[in-house]
Amino acid sequence: QDAGLERFDFETGFENGAGFNPDRMGTFLGLSSSEYRDILGMRTMALGMASGIWGNKPDQAALKPLLDSVENLAPLSAFSMPGTLLNMAAASIAHQWGLGGPAFSIDAACASALVAVTDAVTYLRAGLCDSAVAGGAYLNLTPLNLVCFSRIGAISKQGRCRPFDAQADGFLQGDGSGIIVLKRLSTALEDGDRVHAVIRGVGINNDGNGSPGPMAPSPAGQLSAIQKAHEDAGFDPATIEFVECHGTATPVGDPVEVGALEQAMCKDASAPEKVWLSSVKANIGHTMSAAGIAGLIKAVMVMKHGVIPPQAAFENPHPKLGLDDTPFDIAREQTPWVRGNTPRRAAVSSFGFGGTNCHVVLEEATPAKSRPAVYVSGWTQDVSPAHALVVTGPSLDLLGQHALELAEAVQVGFAKHGS
């Protein structure tokens, strides 16, 4: 039932009543590199090396081994370019499903996916889209990034990504993809969609020349992005109890990030009592342009299940984080997230090479928002003992699921208000 997609026919396209107007559905993808394109071009590169255009031409004896080394790679074809250009990822989705909204790929390095989500939110708020798919992807197919990140000391020499830990010495690479479907909350509720979470605030900026270099994190830049998201959310940031950090486990990155969070959340009388810090990179590695969507999906699931998961590969906090004098803590074991006077609220950070900082504030979907199709209200003592209800569904499985959800809601209503 997520975003009405149980009413979507993936073979033939959108059906009437699916809750989507394809002409007003946008596609926003965060992508920073196409390593498959690099591999596909190696055959051409080998021919260039053999011809000596970048240096000395190899002797005849060396030519055959060089060309044999790329023999298994397919030669470039008419579809090689559209099949490997980053912009074509978003365009291909729009073409496949007939989506007429904006469709483009965004490269903000490690912040790409969360920037894509922020762009989708901006378009939805402006009324330029009614729905959107947003996320990011990264496939680690060549050693190029590994070599480059090793040269700057960002890759863990011990082979473990340990965010916030005293033994942290960098990250490991990961790959994957993640996509979410977005609508304005009012539209999603009208369409009867299952709402997993609500994006309450977004903040995005660039460090400008405020950092020592384009690869160095800027405390002021991160602080500004976080504060923009808090202002956009419109509620007290002290009610945010979980932060899915960028958390790369680098000696510089983690202390800068925690310092910016402390400045944003703990410098006035309404400082929170407890804020859990977490980073999914300890579980799946740094997925580069997909990192932000991985963190967002994790934060949504943490709110939904009401459980703070233990931070993987964490033993003792790094002394440079200075957690003792802050409300920040790292979960060492599974911990229930008990809801207080406000809905559960979380935040997600994603920071990219080049100085792009992105922060998103989330709020859990309360029962009234998460399952509007079976939300029961207005019970009174004089309700008739029996009512006839028509329950429909596009398939027998979903029909059964909806009927069970309705039955559970009815039982809860009777238990609370009598029959």
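Trainee: What makes Arg 344 and Glu 364 a salt bridge?

Mentor: Start with the distance, keeping in mind that this is a predicted model. The closest N and O atoms of Arg 344 and Glu 364 are 3.2 Å apart. The cut-off is 4 Å between a side-chain nitrogen of Lys or Arg and a carboxyl oxygen of Asp or Glu, so the pair counts as a salt bridge.

Trainee: Why do we say that this pair ties parts of the chain together?

Mentor: Look at where the two partners sit. Arg 344 is in the loop between β10 (335-336) and β11, while Glu 364 belongs to strand β12, so the bridge joins parts that are 20 residues apart in sequence.

Trainee: Are Arg 344 and Glu 364 buried or exposed, and how do you know?

Mentor: Buried means under 20% relative accessible area. Arg 344 has 10%, so it counts as buried. Glu 364 has 5%, so the word is buried here too.

Trainee: And what about Lys 274 and Asp 329: what makes them a salt bridge?

Mentor: Their closest N and O atoms are 3.0 Å apart, and the limit is 4 Å, so this pair passes as well. Lys 274 lies in the loop between α10 (253-265) and β7 (275-278), and Asp 329 in strand β9 (residues 328-330), so parts 55 residues apart in sequence are tied together.

Trainee: Which other salt bridges can I look at?

Mentor: Asp 193 is in the loop between α8 (185-190) and β5 (197-206), and Lys 183 is in strand β4, 10 residues apart. Both Asp 193 and Lys 183 are buried. There is also a network of salt bridges linking Arg 24, Asp 130 and Arg 184. A search of the whole structure turns up 15 salt bridges.

Trainee: Now the surface. What makes Ile 53 exposed?

Mentor: Its relative accessible area is 55%. Exposed means over 50%, so Ile 53 qualifies. You'll find Ile 53 in the loop between α2 (42-51) and α3 (60-68). With Met 45, Met 49 and Trp 54, Ile 53 makes a nonpolar surface patch of about 450 Å².

Trainee: What about the inside: which residues touch the most other members of the largest nonpolar core?

Mentor: Those are Val 117, Phe 242, Leu 296 and Leu 362, in a core of 35 residues. The largest share, eight residues, comes from α6. Val 117 touches Ala 134, Ile 180, Leu 182, Ile 199, Ile 293 and Leu 296, leaving out residues up to four places away in sequence. Apart from this core lies another of 24 residues, including Leu 223 and Phe 328.

Trainee: One last thing: how do you know that Ala 249 and Ala 313 are buried?

Mentor: Go back to the under 20% cut-off. Ala 249 has a relative accessibility of 0%, so it is buried. Ala 313 has 15%, so it is buried as well. Check their backbones too: phi is near 65° for Ala 249 and near 60° for Ala 313. Each is a positive value in a residue other than glycine.

Conventions: Residues are numbered from 1 along each chain as its sequence is written. This is a predicted model: local features need pLDDT of at least 70, side-chain atom pairs count only at pLDDT 80 or more; totals for chains, interfaces and linings use all residues. Side-chain values use heavy atoms; hydrogens and water are left out. Patches are made of residues with over 30% relative accessible area and no salt bridge: like charges are joined within 9 Å, nonpolar side chains (Val, Leu, Ile, Met, Phe, Trp, Tyr) within 5 Å. Accessible areas come from the Shrake-Rupley method with a 1.4 Å probe; for residues, only the protein chains shown count as cover. Helices (H or I, at least four residues) and strands (E, at least two) are DSSP runs, numbered from the N terminus. Buried means under 20% relative accessible area, exposed over 50%, partly exposed in between (1.4 Å probe, protein chains only). A nonpolar core is a set of buried Ala, Val, Leu, Ile, Met, Phe, Trp, Tyr and Cys residues joined through side-chain atoms within 4.5 Å. Contact means heavy atoms within 4.5 Å.
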